[in-house]
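Here is a note for a colleague who is meeting this structure for the first time. Please look at the model first and then read the points in order.

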Amino acid sequence: MRTLRITTFNINGIRSRLPALLDWLSREEPDIVCLQELKAADEFFPIEAIQAAGYGAVWHGQKAWNGVAILAKGTEPLLSRRGLPEDPNPEQSRYIEAVVEGVIVGCLYLPNGNPRPGPKFDYKLAWFRKLIEHAGDLLKAGHPVVLAGDYNVVPTDADIYNARSWQNDALLQPETRECYQRLLGQGWQDALGSLYPGQRIYTFWDYFRQHWQTNSGLRIDHLLLSPQLVERLVGGGVDLWVRDQPKASDHAPTWIELSI
DNA sequence: ATGCCCGAGTCGCTCGGA
């Protein structure tokens with residue numbers, strides 16, 4: 001059976017992590033990659049190296065912060081959108097969307113929202129509401145869609161090593177989780193959650209307090225499937241070995257496989 | 001209540017991340 005592997009990866013600086021990115025691409029050969037936190041202006045996106053590795057790409061960068069990209073193996077992603085409609089702050093590059101292999105791929109980097117309360121948390125919720133609106137429009141259009149990225153949402157207390165030590169964090173707040181549940185309520189399926197119900201899956205381990213070494217992780221990178229894709233989901237996982245490399249990102253690549 | 005560990009920018013520090 002032929003499958004399509006779609007990976008989301010918060011790379012935390014594409015320039016400082018480029019050798020690691022190329023190494024991971026050659027080893028895992030994902031078909032589609034959603035990258036977040038490029039931390040590079042558009043002119044610094046390393047398109048030559050990525051093309052040399054056999055990938056086409058579209059990107060939406062920004063100096064120093066944020067930045068998202070979609071890579072496609074052996075083909076050029078067909079850009080459908082750069083930036084979220086009615087983005088509360090379009091200066092922050094947090095959304096890009098493209099069609100690959102007949103699937104609409106939305107790549108997102110939701111605002112972190114700390115400290116809370118405050119304007120950053122308000123911005124997180126405002127951005128989330130606009131994402132929900134756009135996601136609803138995508139569903140109405142009836143095409144197969146994957147919405148993948150760093151949602152900065154820990155969906156439940158089962159998605160973190162210890163909820164109590166993060167209870168005041170923006171990632172765990174009831175308002176944040178309500179937004180995520182509202183999104184799922186439109187008809188999206190949390191792919192990894194559905195593959196591994198009740199299991200502890202982590203995609204992020206912060207650099208502090210030896211959290212990787214003690215597997216004190218959070219599940220905040222998610223791939224949401226439109227209803228047409230649910231029956232095509234055949235697998236998923238997290239490339240944990242990437243987080244164990246020297247100078248690793250604090251996130252690990254998180255992926256699904258769809259039958260085609 | 002805060003720092004911890006990082007990358008990027010401006011350059012030996014701040015800011016932001018989560």
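1. Tyrosine 109 belongs to strand β7, residues 103-109, and is buried with a relative accessible area of 8%. Its side chain is joined to that of glutamate 37 by a polar contact of 3.4 Å.

2. Some conventions should be kept in mind: this is a predicted model, in which local features need pLDDT of at least 70 and side-chain atom pairs count only at pLDDT 80 or more, while totals for chains, interfaces and linings use all residues. Residues are numbered from 1 along each chain as its sequence is written, chains are lettered from A and ligands numbered from 1 in the order in which they are written, and side-chain values use heavy atoms, with hydrogens and water left out.

3. Buried means under 20% relative accessible area, exposed over 50%, and partly exposed in between, with a 1.4 Å probe and protein chains only. A polar contact is a pair of N or O atoms within 3.5 Å; within protein, one must be able to donate a hydrogen and the other to accept it, and residues adjacent in sequence count only if both atoms are side-chain atoms. Helices (H or I, at least four residues) and strands (E, at least two) are DSSP runs, numbered from the N terminus.

4. The unreviewed UniProt entry gives the annotation "active site" to Tyr109, Asp150 and His251, with positions in the numbering used here, shortened feature names, and the caution that annotations may be inferred rather than shown by experiment. Although these residues are spread over 143 residues of sequence, they cluster in space, the largest C-alpha distance being 12.7 Å.

5. Aspartate 150, one of the residues so annotated, is found in strand β8, residues 145-150, and is buried at 1% relative accessible area. Beyond its sequence neighbours up to four places away, aspartate 150 touches several residues, including Thr8, Asn10, Tyr109, Asp221 and His251.

6. Histidine 251 lies in the loop between α7 (240-243) and β12 (254-259) and is likewise buried, with a relative accessible area of 3%. A polar contact of 2.8 Å joins the side chains of histidine 251 and aspartate 221.

7. Arginine 219 sits in the loop between α5 (191-195) and β10 (221-225) and counts as buried at 5% relative accessibility. The side chain of arginine 219 makes polar contacts with the side chain of aspartate 190 (2.8 Å) and with that of histidine 222 (3.5 Å).

8. As for the whole chain, chain A has 7 helices and 12 strands, and of its 260 residues 59% count as buried. Residues 24 or more positions apart account for 70% of the contacts in chain A with a separation of 6 or more.

Notes: Contact = heavy atoms within 4.5 Å.
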